[in-house]
Amino acid sequence: MSTTVEIVEVGPRDGLQNERRPLDVDTRVQLVKRLIGQGARRIEAVSFVRPDRVPQMGGAEEVMAGVPQIPGVSYIGLVLNRRGAERAVRTACAEVNIVVPVTDEFSRRNQNLSVAEMLDHAAAASQVARGAGLRVSVTLAVAFGCPFSGPVATDEVARVMRRAVEIEPDEIAFADTIGVGVPRQVRALAALAAGDDRVRKLRFHFHNTRNTGYANAVAAAHLDPAVGAVPGGVIALDASVGGFGGCPFAPSATGNIATEDLAYVLRGEKVPVAAPGLPDIDGLARVGSWLGEQLKSGPQGMLARAGDFGPPVRAIDEEGAEK
């Protein structure tokens, strides 16, 4: 039995939230439409946070009013508290992603609240979302390392995860917010989730600050579902078109792993991808290049940065022959 990967496109949210140049609502809607056109089906489209703190995410309701409502396309809204969830449920979001840091230092610098207080906010936000029929994900931020506290032990993540699963989310995500993680940590956190049968679905969020993001994604894709490391045999991986992204509250955090580059390695590794299957890799690279033009910033993803959108590079089989 092989692990199946579900790609979650976070470009319209995490890809834009740290860029110097905010995009207007129409351009953000156009980005979502272009991503759908290349095969994206689960999209973190907006963040319901204070626009004075993250101006790039202003106009979330207007963006959600403009994106197309297409069967099979599911939109996620990031929230931090009850107020954010109350905003999200009045839009076309099908899911809220509630973010809780695992270190007090990051949590206090980000939200001026302790981790325990953020978990209380997460519970309140989940209650609002569930009351409106939305799915709930809880993302444990800085689960691999904190820019202020340094390395984060698995036991520290475990303490927060045990509280988070009491909320009964549909999905638990481990986020490498600053891109310091390595595959050993991916396996350790997956084992942590596997040890708690309340974890219904597992998701990872990788940044590529130290060029380990794709190695971590491959490690997650090759987790063995036969030993329970992947609940249901499906693991979700976040990625951002063009490799854009970062965290306004995490110094030195660079972009997410690029969706088109992730799709390329999954194809080469012959990893099963959830329906409707792999997105259009060359098409995504074009979207990443287009997004770079809108942001006046070069994409971080290798395929989008190369700007070569000709015939796709063909994979090589185990005997070295081109396929």
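A search of the whole structure, a predicted model, finds 5 aromatic pairs. Two of them are set out here.

| Aromatic pair | Centre to centre | Angle between planes | Kind |
|---|---|---|---|
| Phe 106 and Phe 148 | 6.0 Å | 35° | tilted |
| Phe 144 and Phe 206 | 6.0 Å | 70° | edge-to-face |

Phe 106 lies in helix α4, and Phe 148 lies in the loop between β6 and β7, so the pair ties together parts that are 42 residues apart in sequence. Phe 106 is buried, because its relative accessibility is 2% and buried means under 20%. Phe 148 is partly exposed, at 26%. The ring of Phe 148 also has a charge over it: the charged end of Arg 109 sits 4.1 Å from its centre. Arg 34 is placed over the ring of Trp 290, with its charged end 4.1 Å from the ring centre.

Phe 144 is in the loop between β5 and β6, while Phe 206 is in strand β9, 62 residues apart. Phe 144 is buried at 2%, and Phe 206 is buried at 1%. Phe 144 and Phe 206 form one aromatic cluster with Phe 174 and Phe 204.

Phe 174 is the bridge partner of Leu 140. Strands β5 and β8 run parallel over 4 bridges. On its way from β8 to β9, the chain passes through helix α7, in a right-handed β-α-β crossover. β8 and β9 are also parallel, joined by 5 bridges. Ala 175 stands opposite His 205 of β9.

Is β8 covered on one face or both? Both. Glu 171, Ala 173 and Ala 175 are buried on one side, and Ile 172, Phe 174 and Asp 176 on the other.

How values were computed
Residues are numbered from 1 along each chain as its sequence is written. This is a predicted model: local features need pLDDT of at least 70, side-chain atom pairs count only at pLDDT 80 or more; totals for chains, interfaces and linings use all residues. Side-chain values use heavy atoms; hydrogens and water are left out. Buried means under 20% relative accessible area, exposed over 50%, partly exposed in between (1.4 Å probe, protein chains only). Helices (H or I, at least four residues) and strands (E, at least two) are DSSP runs, numbered from the N terminus. Two strands pair if DSSP finds at least two bridges between them. A crossover is right-handed if, with the strands pointing away from the viewer, the path from the first strand over the helix to the second runs clockwise. Rings of Phe, Tyr and Trp (its six-membered ring) pair if their centres lie within 6.5 Å; planes under 30 degrees apart count as stacked, over 60 as edge-to-face and the rest as tilted. A charge sits over a ring if NZ of Lys or CZ of Arg is within 6 Å of the ring centre and within 35 degrees of the ring normal.
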